Amino acid sequence: MKTIGITGAIGSGKTRISQLFQRHGYAIIDLDSIGHRILEMHKFKKRVSDQFGKYILKNNRISREKLRKIVFYNPEYLHKLNEIIHPELIKQLKKEILIHKKKRVKAIVIDAALLFELKIDYL
């Protein structure tokens, strides 16, 4: 079974290309969506809010807008966030790949802006 990685900058068309593959029966794994789910998990919500302060919470959810303002202007903070989130992101990705392989899908397309940064291109 083929596994195809799509990577690129914001607005480069990754999602559009993934949708085209999906129309042809390919399974799509969107790494950004997995990241959003992780931020909703109590364990990670607590770790992130402990690290960056309750300021990032809005209605008991992590405000991605507030978090973005903190981490994307400070490389050290971005690194700390990545240390919290990336191991779980990779774990969840591997889990989803396994699920799709068991279903014997035509192929898997991974939509991942950070494909090489996460060192998951071997998957």
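Q: How far apart are the mean positions of the positive and negative charges of the chain, and what makes a residue count as one or the other?
A: In this predicted model, the mean positions of the 26 positive and 12 negative charges lie 6 Å apart, where Lys and Arg count as positive and Asp and Glu as negative.

Q: What makes the pairing of arginine 61 and glutamate 40 a salt bridge?
A: The side chains of arginine 61 and glutamate 40 meet with an N to O separation of 3.1 Å, and a salt bridge requires a side-chain nitrogen of Lys or Arg within 4 Å of a carboxyl oxygen of Asp or Glu, so the pair qualifies. The pair links distant parts of the chain, since arginine 61 belongs to strand β4 (residues 61-62) and glutamate 40 to helix α2 (residues 31-40), 21 residues apart.

Q: Why are arginine 61 and glutamate 40 called partly exposed?
A: Buried means under 20% relative accessible area and exposed means over 50%, with partly exposed in between. Arginine 61, at 47%, therefore counts as partly exposed, and glutamate 40, with a relative accessible area of 37%, is therefore partly exposed as well.

Q: How do you know that aspartate 50 and lysine 54 form a salt bridge?
A: The closest N and O atoms of aspartate 50 and lysine 54 are 3.7 Å apart, and the cut-off is within 4 Å, so the contact is counted as a salt bridge. This pair also belongs to a network of salt bridges that links Lys46, Asp50 and Lys54, and a search of the whole structure finds 7 salt bridges.

Q: Why is lysine 54 called exposed, whereas aspartate 50 is called partly exposed?
A: The boundary for exposed is over 50% relative accessible area. Lysine 54 has 54% and therefore counts as exposed, while aspartate 50 has 47% and therefore counts as partly exposed.

Q: What makes a set of residues a nonpolar core, and which residues touch the most other members of the largest one here?
A: The members must be buried residues of the kinds Ala, Val, Leu, Ile, Met, Phe, Trp, Tyr and Cys, joined through side-chain atoms within 4.5 Å. The largest such core has 28 residues, of which Leu31, Val48, Phe52, Leu67, Ile85 and Ile120 touch the most other members. Two or more residues come from each of β2 (27-30), α2, α3 (42-52), α4, α5 (75-102) and β5 (107-111), and α5 gives the most, with 7 residues.

Q: Which residues is valine 48 in contact with, leaving aside its neighbours within four places in sequence?
A: Valine 48 is in contact with Leu39, Gly53, Ile56, Ile62, Leu67, Leu81, Ile84 and Ile85, where contact means heavy atoms within 4.5 Å.

Conventions: Residues are numbered from 1 along each chain as its sequence is written. This is a predicted model: local features need pLDDT of at least 70, side-chain atom pairs count only at pLDDT 80 or more; totals for chains, interfaces and linings use all residues. Side-chain values use heavy atoms; hydrogens and water are left out. The place of a charge is taken as NZ of Lys, CZ of Arg, CG of Asp or CD of Glu. Helices (H or I, at least four residues) and strands (E, at least two) are DSSP runs, numbered from the N terminus. Buried means under 20% relative accessible area, exposed over 50%, partly exposed in between (1.4 Å probe, protein chains only).
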